[in-house]
Amino acid sequence: MSTLQAGRGGGGLTFRQKLANFDYKASPYIYISPFFILFAVLGLFPIIYTVNVSLYNWDLLKGQGDFIGLGNYVTTLTDPFFWNAFGNTISIFLLSAIPQLVAATVIAAVLDQAIRASTFWRMSVLLPYIAAPVAVAVIFTQIFNQYGGPITGILEALGIEPIRWGFDVFPSHIAIATMVNWRWTGYNALILLAAMQAIPRDIYESAALDGAGRARRFWSITIPMIRPTMIFVVITATIGGLQIFTEPKLFDGQSNGGANRQFQTIVLYLYEMAFPRRDFGRAAATAWILFLIIILIGLLNYAISRTIASQDIKRNIRVPSRKTVRPNGGLK
Amino acid sequence: MKFSRRTATVAAIAGTTTLALVLTGCQTGGDETPSDEPITLTITTFGTMGIDSLYEAYEKEHPNITIEATNLENGGAARDDAYAKIAAGTGLSDVVAIEEGWLSTIREVSDAFVDLRDFGIEDHKSDWLDWKYAQGTDADGRVFGAGLDIGPQGLCFRGDLFEAAGLPGDRDGFAEAIGGANATWESFFEFGQEYTAKSGKAFFHHPSFFWNSFVNQQEEGYYKKDGTTLNIKDNAALKGQLNLIVDNANIGAGAPAWGATEQARNDEFAVYVCPSWMLGVVKGFYDAGTTGTGWDFADVLPGGAANWGGAFLGVSESSEHQKEAADLALWLASPEQQAAAFKVAGPFPSTLKGQELVADATDPFFNDAPTGEIFASRAKGVVAQVKGPEDSVIQDNVFGPVLDRINQGEITDGETAWNEAITLLDQLVKQ
């Protein structure tokens, strides 16, 4: 009784009620707190720590040295090997992102149709994504082996001069981009498919009634309607593409992106800085430069995909409005 | 030492396993564990060191000890792995294999490893070749690495192909044909030119091996004896060797430096520089148990004796069972086990008694060559060169790319090759 009384004294609520109140207000935060705690420990702290490291002469093994301010950023940005890695990354990114997104959209559009055994096809496009990237890289490295790999064999049979996939710059980029495309096209196709499935079917029906063909419906309805998802896919592909590491690393296990850095990407450059060359400060600076590059290119892609998609969406708005004018099934 | 590239999966899987092993290895705790309590010791090795086959015997002798082993694909993978874990201050296996190529870097942070003198290594000091023991000792006299193998070099060669070309194909005949004890790189390449002219086939697979051997033969390599002053820019000997390699690039197969399996099986090259640990690499081109491939092993190296590579075992300071780990490391590095490892994979013992134990060893794969005797002969007068902190960067990233482009026929004159190397040196190495 007395505790109950005391409880009432404070604000007129019982302890239980207070607890319930606290539960009501705090629980959601507690429920989501694991994410934020994990993010703080595994995400935020390393990011801040990396800034700290990047401002020092920092030997991987011996640790912190002298404070040099932005020195590591300057040496990195004036290093021809960094720009070589930058160029390779962009090249591989373009060779993978563009065909991948085009193919993913087409595959998604096909899967969006009423086809037989659709679940089977949807599952199978996701299969490459399930394969471990290491396994993918090992298999493709064998396929693209310039010394007697299957592709070389086919080219030889056709009387074509063997392509030096592992040695020349552009062929090596194609080989690496192929691994990326193989792995990610199905994944992106499924995401785009989900967006396409959310488009109300009656829009298509009305468009068809208006005499819009398949292509016209695809360009004027599907593409504009999946715009937010498309932007999401473009952004994630950008982040993934610019951080590419496993495929070029395993394409030649002996070096960090080819003996002559033919396919050294920025992350491989970062890796070479951090481990074989033990310059942790420059590796940290490279990480931050890469971060800024990703943001810049991400914004650029966002802007591009917005303008492309929004030109069509204006036209698209007319489709539902026309529908409201016409009585349901009026043309039949 | 570098090893042939197998599948890169091995490295990746091994990397993940390391983590798992480290986690499980930390379960039992405390330094004062009585010796009969079950203990798990972790060990990380690389390439074909021949010691993996010894663990079982050790476990049998020490029933309370379980060995969890990780084998990384090559020295480079092991280096990156060890550096990352030393930097993190945690995660090193109890016993860690260290390669000569990055030993000088480890020496600078040798306190990451225990002083093996605390665990009785000094009682066995006289077992080792003096220079090998000294390599594992830091500036303060702490012994951070127990020597395993050394890399005296001979030549692996295809006797059958030489004979088919009308050239001497037996061990002594081939050695004599390239100049015997006085063989020079010039006389070696002359033989190669003759072979290619007569057979129409390439002589060697990739020139980097001749380059590395030559560098190791010099009294001072990429660094002066102090281990800090670079010794490259005015080095006429190095420049001369690069010239010689460019001039003889026409008899190369243009094969990859590591993992030339296809080319070997297709008889596309006939000679291979073989430090002791490389015998396992050549065998690796073929299926296990294969013999009669025509490979043989000769007691000769153009330019004189040289050591290429060699490994050490260190016990990490962070190990929870330093005593037991040190016991294991010293046991693995003992003459008897070095001899056993040699018989499995070919790394030549760095202990005198170990060398005696393998003196009569022969190798059926290499046409029954008396490998023990040949390596003992090849090891005579060998002293490891002083390596500097950036030695592996210079080898892999300065001369490596240039040799690769020579190999691919993209650089065809010595002057260009040298200038490209110097440009890379200036870009990559702080001077």
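Helix H14 of chain B gives the most to the lining of the largest cavity, with three residues. The model is predicted: local features need pLDDT of at least 70, side-chain atom pairs count only at pLDDT 80 or more, and totals for chains, interfaces and linings use all residues. Residues are numbered from 1 along each chain as its sequence is written, chains are lettered from A and ligands numbered from 1 in the order in which they are written, and side-chain values use heavy atoms, with hydrogens and water left out.

The structure holds one cavity of 30 Å³ or more, and the volume of the largest cavity is about 80 Å³. Here a cavity is a set of points, on a 1 Å grid over the protein atoms alone, where a 1.4 Å probe fits but cannot get out, and lining residues have an atom within 4 Å of a point. Grid points are joined across faces, edges and corners, and a volume is the space filled by probe spheres set on the points. The lining includes B:Met49, B:Ile51, B:Leu148, B:Asp149, B:Leu332 and B:Phe348. Helix H14 (335–345) and strand S10 (348–349) of chain B are the elements that give two or more residues to this lining; helices (H or I, at least four residues) and strands (E, at least two) are DSSP runs, numbered from the N terminus.

Chain B is divided into domain 1 (5–150 + 308–358) and domain 2 (153–304 + 385–428), with bounds that come from an automatic or database domain assignment. The centres of the two domains of chain B, taken over C-alpha atoms, are separated by 30 Å. Their contact (heavy atoms within 4.5 Å) takes 17 residues from domain 1 and 18 residues from domain 2 of chain B.

The largest nonpolar core has 161 residues, of which B:Phe174, B:Tyr272 and B:Phe399 touch the most other members. Such a core is a set of buried Ala, Val, Leu, Ile, Met, Phe, Trp, Tyr and Cys residues joined through side-chain atoms within 4.5 Å. This core draws at least three residues from each of domain 1 and domain 2 of chain B. Leaving aside residues up to four places away in sequence, B:Phe399 touches B:Trp211, B:Tyr222, B:Ile232, B:Ile394, B:Trp418 and B:Ala421. A second, separate core of 23 residues includes A:Ala195, A:Tyr204, A:Ala212 and A:Ile221.

Also in chain B, B:Asn216 lies in helix H9 (residues 208–217). B:Asn216 counts as buried because its relative accessibility is 11%, where buried means under 20% relative accessible area, exposed over 50% and partly exposed in between (1.4 Å probe, protein chains only).

Turning to chain A, its secondary structure comes to 14 helices and two strands, and 42% of its 332 residues count as buried. For "transmembrane region", UniProt (unreviewed entry) lists residues 29–51, 90–111, 123–144, 225–245 and 283–304 of chain A; UniProt positions are given in the numbering used here, feature names are shortened, and annotations may be inferred rather than shown by experiment. Residues 29–51 of chain A are 100% helix, with end C-alpha atoms 29 Å apart, and residues 283–304 of chain A are 100% helix, with end C-alpha atoms 31 Å apart. A:Pro28 lies in helix H2 (residues 15–54) of chain A and is partly exposed, with a relative accessible area of 42%.

Methods. 1 Å grid on protein atoms, 1.4 Å probe; cavity = no way out; pocket = protein on both sides within 12 Å on 5 of 7 lines; lining within 4 Å.
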